[in-house]
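Subject: Handover of a structure and findings

Dear colleague,

Please find the structure below, together with its sequence. My notes on what was found in it follow.

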Amino acid sequence: MARRQILTASFWSRLMAPPSEDREVAMHCTLTPDEIEAVARKRTAATRLGYAVSLAYLRHPGRVREVGEQPNDVMLAFLADQVDASVSDLAVYDRRPQTRREHIGQIMGRFGYQAFSGSLVRELVHWLTPSAGEDPRPEPLAISLTEELRRRRILVPARRTVELIDRHAIQRAENVRISALIQDLHPDHHNALRALIAPPESGEVSTLSWLKAAPKSASAKSIKAVLDRLMVVRAIGLPASLRQNISTSALDSLAGEGLRITVQNLRRMAVPRLWAVLSAACLRLEEQLTDLALDMFDKLLGRSFRKAEQQSSDKASTLLINIIRPLQSLKAFCREALTARLQTGHLNGMLDTANWGEIESATSAIETALGDGKPDKYSELIGKYQTARQFAPLIIKCFDFKGAASAASLLRAVDVLRIMYNTNKRKRLGDPLRGAA
């Protein structure tokens, strides 16, 4: 059965076409002094132009011009101008195929061009493997390969050979990626990865499907659900060295496959590729769940702050409304007292006639409205403790916090909370700001 073509005919035609744009023609068809000297040895204009055309074809696109193949007008005019010939001279040159074959042999011998041989396949596969690891698409790999062959002055082989080298390079790059991801794994890791796709004993989905179905809306319940998933991924215990063993693009490719393919298809995947795909998927899930949890936390905390500020502002407005009338009564009393003192020098008469019942009522109303002091947004936040308590222990358990020297006291307090959560302590351990007792 014939191998499926991975390079389309149209792509291959473009790749093997001689330069046609002015800039490309000037880049690839400008003859060097040594080449001009070799062309000048030819006696007629036709042989000079034919020799120059064969030389340009070997340089780019890196192949021999086919019998009867007509170069594009831009390329032919550019070469004819350099060798003092007319574009029509090429037709005269093509009448003698033997001369064309002789010239090709002379050019290859003098300027170091060589035909492609099967012995180069293994070397070129090894050379192309790193590129295949970064981008496994056949067409970019074919472009890189032909450019390297041109640089080495090796004639580009047939499309089937280029496809063969591409396939082997892609497969070898895949093997390298897989090896890099599984070389530090142990049987315990294999068992944990296999458990991700095992048929569920209870419930409707596998563990991997559950991990991928993390909620996206910011709420206390969602944060807890995301952190629960993060702890499951971390419990697999994948070595930290895995990220260092493979490039980011290669990791993304394998991870994308693991997160995209259905669990049923993953179960049919052969090892060791299965271990590599699941390991990459877990590494990517750990990053995604971490970012998702922190983003939710930021949104939820920001929303709580905004709500607390709004509640504080609303209470301040209500307080102002409630004390305006009592303040007006006290203001009138204070003004009468000041006026009496200025007029008589004492307040006895004014105090005797004052409406003390109204003054006492106004004072009580102000005291009730003010309470313990002015509204404080942080006191409103304390009222959200029960909401934060749903996910705070998991946040502290899942993440290590770092900060500048100015945050040292806060970080020690977080450490104390971590100890209290882990040991289920209800009583404060010393003073968090000064260190645990």
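Contact here means heavy atoms within 4.5 Å. With that cut-off, and leaving aside residues up to four places away in sequence, Leu 196 touches Ser 206, Thr 207, Leu 208, Leu 211, Ile 236 and Cys 282. Please note that this is a predicted model.

In soluble globular proteins, nonpolar side chains tend to be buried together. The largest nonpolar core in this model has 47 residues, and Leu 196 is among the members that touch the most others, along with Leu 181, Leu 193, Ile 197, Leu 208, Leu 227 and Leu 266. At least two residues of this core come from each of α10, α11 (187-196), α12 (207-212), α13 (220-235), α15 (248-260), α16 (263-267), α17 and α22 (392-398). Helix α17 is the element that gives the most, with 14 residues.

Cysteines

How many disulfides does the structure hold? The count is zero. Cys 282, a contact of Leu 196, has a relative accessible area of 2% and is therefore buried, the limit being under 20%. Cys 29 is likewise buried, at 0% relative accessibility.

Salt bridges

Side chains of opposite charge can pair when their charged atoms come close. The model contains 20 salt bridges.

Asp 94 and Arg 65 form a salt bridge in which the closest N and O atoms are 2.7 Å apart. Asp 94 is in the loop between α6 (89-93) and α7 (97-111), and Arg 65 is in the loop between α4 (45-59) and α5 (73-82), so this bridge ties together parts that are 29 residues apart in sequence. Arg 65 is buried, with 3% relative accessibility, whereas Asp 94 is partly exposed at 27%.

In the bridge between Glu 123 and Arg 152, the closest N and O atoms are 2.8 Å apart. This pair links distant parts of the chain, with Glu 123 in helix α8 (residues 120-134) and Arg 152 in helix α9 (residues 138-152), 29 residues apart. Both partners are partly exposed: Glu 123 has a relative accessibility of 40%, and Arg 152 has one of 23%.

For Arg 273 and Glu 174, the closest N and O atoms of the salt bridge are 2.6 Å apart. Because Arg 273 lies in helix α17 (residues 273-344) and Glu 174 in helix α10 (residues 159-182), the bridge ties together parts that are 99 residues apart in sequence. Arg 273 is partly exposed, at 25% relative accessible area, while Glu 174 is buried, at 11%.

A network of salt bridges links Arg 234, Arg 243, Asp 252, Arg 284, Glu 286 and Glu 287.

The second largest pocket

The second largest pocket holds about 250 Å³ of space. Its lining is made up of 15 residues, of which Arg 14, Leu 15, Glu 24, His 60 and Arg 150 are the closest to its centre. Helices α1 (9-15), α2 (22-29) and α9 each give two or more residues to this lining. Which element supplies the largest share of the lining of the second largest pocket? That element is α2, with four residues.

With kind regards

Conventions
Residues are numbered from 1 along each chain as its sequence is written. This is a predicted model: local features need pLDDT of at least 70, side-chain atom pairs count only at pLDDT 80 or more; totals for chains, interfaces and linings use all residues. Side-chain values use heavy atoms; hydrogens and water are left out. A disulfide is a pair of cysteine sulfur atoms within 2.5 Å. Buried means under 20% relative accessible area, exposed over 50%, partly exposed in between (1.4 Å probe, protein chains only). A salt bridge is a side-chain nitrogen of Lys or Arg within 4 Å of a carboxyl oxygen of Asp or Glu. A nonpolar core is a set of buried Ala, Val, Leu, Ile, Met, Phe, Trp, Tyr and Cys residues joined through side-chain atoms within 4.5 Å. On a 1 Å grid over the protein atoms alone, a cavity is a set of points where a 1.4 Å probe fits but cannot get out, and a pocket is an open set with protein on both sides within 12 Å along at least five of seven lines; lining residues have an atom within 4 Å of a point. Grid points are joined across faces, edges and corners, and a volume is the space filled by probe spheres set on the points.
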